[in-house]
Amino acid sequence: MKLTDIVARCEHLFEDLDFNAVKEWKAAQPGRMAIGYMPIYVPREIIHAAGMLPVGIYGGGDQIEVIQGDAYYQSYICRIPRSTVELGLTGRLDCLDGMLFPSICDVIRNLSGMWQLMFKDKYVHYVDVPQNYDDSIGGEFYAHEMQQVREDLAKLRGKPITDDELRAAIAVYNDNRAAIAELYAYRAQAPWQAPTSEVYLVLRAGLVLPPEAHTQLVRDYLAAVKAEQRPKKDNARVVLTGAFCEQPPLSLIKSIEMAGCYVVDDDFVLVSRWLREPVPTDGDPLTALSKAFLHHSVQSSPKYDERREDKGKFLLHQVKTRGAEGVIFAAPSFCDPALLERPMLQEVLAKHKVPYTAFKYAENTGQMAPIREQAGTFADSIKLWSAA
Amino acid sequence: MATIQMPQSQKKPATVQKEDAMLLQKEMINRNYHELATAHETGRKVSATFVPGNLNELLMCFDFARSLPETNALQNGMRKKSGKMIMDAERDGHSEDVCTYVKADLGMMLQGEVGPTGEKLPRPDVLLLSYTGCFTFMKWFELVRQKYDCETVMLHVPYQGDGHISPNMREYVVKQLKEKVIPTLERVSGVKFDIDRLRQYMRESTKAEEDLVAVLHSAKNRPSPIDGYFGGVYYIGPIFTAFRGAPEATEYYRVLRAEIEERVRAKKGPVTPEGELEDEKYRLVVEGPPNWTHFRDFWKMFYEEGAVVVASTYSKVGGVYDFGFRHDPDHPLESLAEYCLGCYTNLNFPQRIDMICRYLDEYQADGLLINSIKSCNSFSAGQLLMLREVEKRTGKPAAFIESDLVDPRYFSAANIKNRLESYFQMIKQKRAAAGAAVH
């Protein structure tokens, strides 16, 4: 497939807020079910093992006019729950047979209960994750939580989910994560070849496609960009952080790139990269998933850092391993996890003399000129400092 | 009749009227600030922890002086000190979008750690991060730890997403207590854990909880002898903070209960800052925390209209006792787990709505008022659905106002007063319509 076709397909999937890809997948075989999930992380392996399609619900972006959703939230609440409620109330999520609301913040947590009241005929579950990282404490708790999801989905489909089905799903997602890791490594190495505005779309496609199809798509994209020769610019290499839940509009990502920044790492759609190591496909599958969460998951602000010295470790790792010259803190307005974390991360970066800049956005931010100016100034200043 | 051994209040009410119990709780809290200020001089270690999921009995087992950062922030709010603290924290890089309790606390540190009573507060020796019903708590103590580099121990309390406490959730909390929290507190304090000491404190807690519940239930009377929100915050003060399990709290609640029962017998209304409310016109249930920076002005808007809050959800934020939960000395750790898991903001949305509907019914309230707090997503996110759902289920009118905890910039007296006046009108019309229907 040609590069332009791949990108066009991803863009089409990204813009389709009627979730036709999900409807088509369901229609292809009677009885198929789809389960939605919100950021930041759910063990999608369990949904896949049940023969269901995991569908990432990341709000309505800048393509939806929120009318009903605004009536549910005060002005000081972020935008993703409003547009998600809008998607639900306008019937766009009718193709989903259930929704999982992971532990990320109080807004999404409360949305789980709201969903129970608003969509009484659907399966709704709040997925708690441990903030204690001992195998015998948090690990056991989390394995039980996953067992609950497993039993709930088994009930929905009418038969138990076997260990072998779970192991097979783990293998499928290991492959998906490996492909995405390869894509991220390639982008860091040659960001002019694989711009983030495209990589992001490829990633977003994984929210609505079956994982096997998405893995193939990632590999096809990688092969196609490698075959192209794109011009290299004298851009600043940056890590973008804080955008792990409500996503910025695509135009914002493009604006940052146009302003002279190559995004060499980020925290967009973290669910696809949450587990940093392959999950063992032997032994007890839920224990394997639990251990992967406890010991090999990404450090992000919805998770507790047990030790002070751990704060910012992952961000510094991103900066170092990707060869970044600076960090852009891009957080949604009113995002408690990102905005409370930010000063601590900034302190760590300052200590390590990593330059940074910060701004806020909403998923429907329309004015890009200030972002472009700020990112452009930041890129210029990096170039000046590095030249000095 | 037994003589109640209570310290006599040294303060004479001047123009502002308060119940004796209100003055006494204020003195207890001030005394606690003094204990905190002198803790290190007297060789005591200092703990800090949050109100929801506050394990006061456990902390007392290790002789900690006990600080509660939300209480510090609200006390500073009531004393009109929080505005500058918040702005200082914002100048220091904290977002205008986040919780003002956090910023008031961090601002207080920036201003030299002088507490609400004017005494310098000590740096905590341990932060007991009881992650109960509020995500922000976790970041708050990470921020404090970042600044002070003090020992921090996490107690992760799972959320009641499905509306019940599962054995897995309970076991998880108990395991953390046994394997993480208690060993850390032992190490920091140098005091060995004694479970019988914990049981003894819990026996005291149970007595205080019984009396508190009797006080809260007294609002079912007409007229209500208490205001369950504005007065309620005084009544919950000791049991939600550094005193639950201490004999002085038990005594406080015994005195308070006696005082309130006397008011019931005398058919008296609640005591307001301007004296007793004699004509109860409206009975309300309130959801959400109060505003602290204009607390008295806010209260006045209610009592001037003859409105009494007969039940509130905020008075359950540090523990829901009125549906039967009591600390259980026979199962101390399990009971601490149940307590944390059952705090109001750890309940899911359907549970919270059920509770409000039950209050409206049992307390024969005219309607629900939601005070939506900008700082507090844990309370506020979804309250507009709550409003509609409660109206739908009960047929009683609900109203919505907005303010903040301790940020004076978000208190608009005129707006709130207008809305309240319209709301009272609405209740009147509903009553008139109901009366007309009967005739």
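Is B:Glu96 buried, exposed or partly exposed, and what is its relative accessible area? B:Glu96 comes out as partly exposed, at 44%; buried means under 20% relative accessible area, exposed over 50%, and partly exposed in between (1.4 Å probe, protein chains only).

This is a predicted model, in which local features need pLDDT of at least 70 and side-chain atom pairs count only at pLDDT 80 or more, while totals for chains, interfaces and linings use all residues. Residues are numbered from 1 along each chain as its sequence is written, chains are lettered from A and ligands numbered from 1 in the order in which they are written, and side-chain values use heavy atoms, with hydrogens and water left out.

**View 1. A salt bridge joins B:Glu96 to A:Lys360.** The closest N and O atoms sit 3.2 Å apart; a salt bridge here is a side-chain nitrogen of Lys or Arg within 4 Å of a carboxyl oxygen of Asp or Glu. This pair crosses between chains, going from the loop between α4 (82-91) and α5 (100-110) of chain B to strand β8 (residues 356-361) of chain A. Helices (H or I, at least four residues) and strands (E, at least two) are DSSP runs, numbered from the N terminus. A:Lys360 is partly exposed too, with a relative accessible area of 26%.

**View 2. A:Arg167 and A:Asp163 pair up within a helix.** Their side chains meet in a salt bridge at 3.9 Å, N to O. The two are 4 residues apart in α7 (residues 163-189) of chain A, so about one helical turn separates them. A:Arg167 is partly exposed at 23%, and A:Asp163 is partly exposed at 28%.

**View 3. B:Arg123 reaches B:Glu113.** This salt bridge has its closest N and O atoms 3.4 Å apart. Both residues lie in the loop between α5 and β3 of chain B, 10 residues apart. B:Glu113 is buried at 9%, whereas B:Arg123 counts as partly exposed at 45%.

**View 4. Chain B has an open sheet of 4 strands.** The order is β2-β1-β3-β4, with parallel pairing; two strands pair if DSSP finds at least two bridges between them. β2 (65-67) and β4 (151-156) stand at the edges with a single partner strand each, so one side of each has no neighbour in the sheet. Strand β1 (residues 46-49) pairs with β2(B) over 3 bridges, and B:Val46 has B:Ala65 as its bridge partner.
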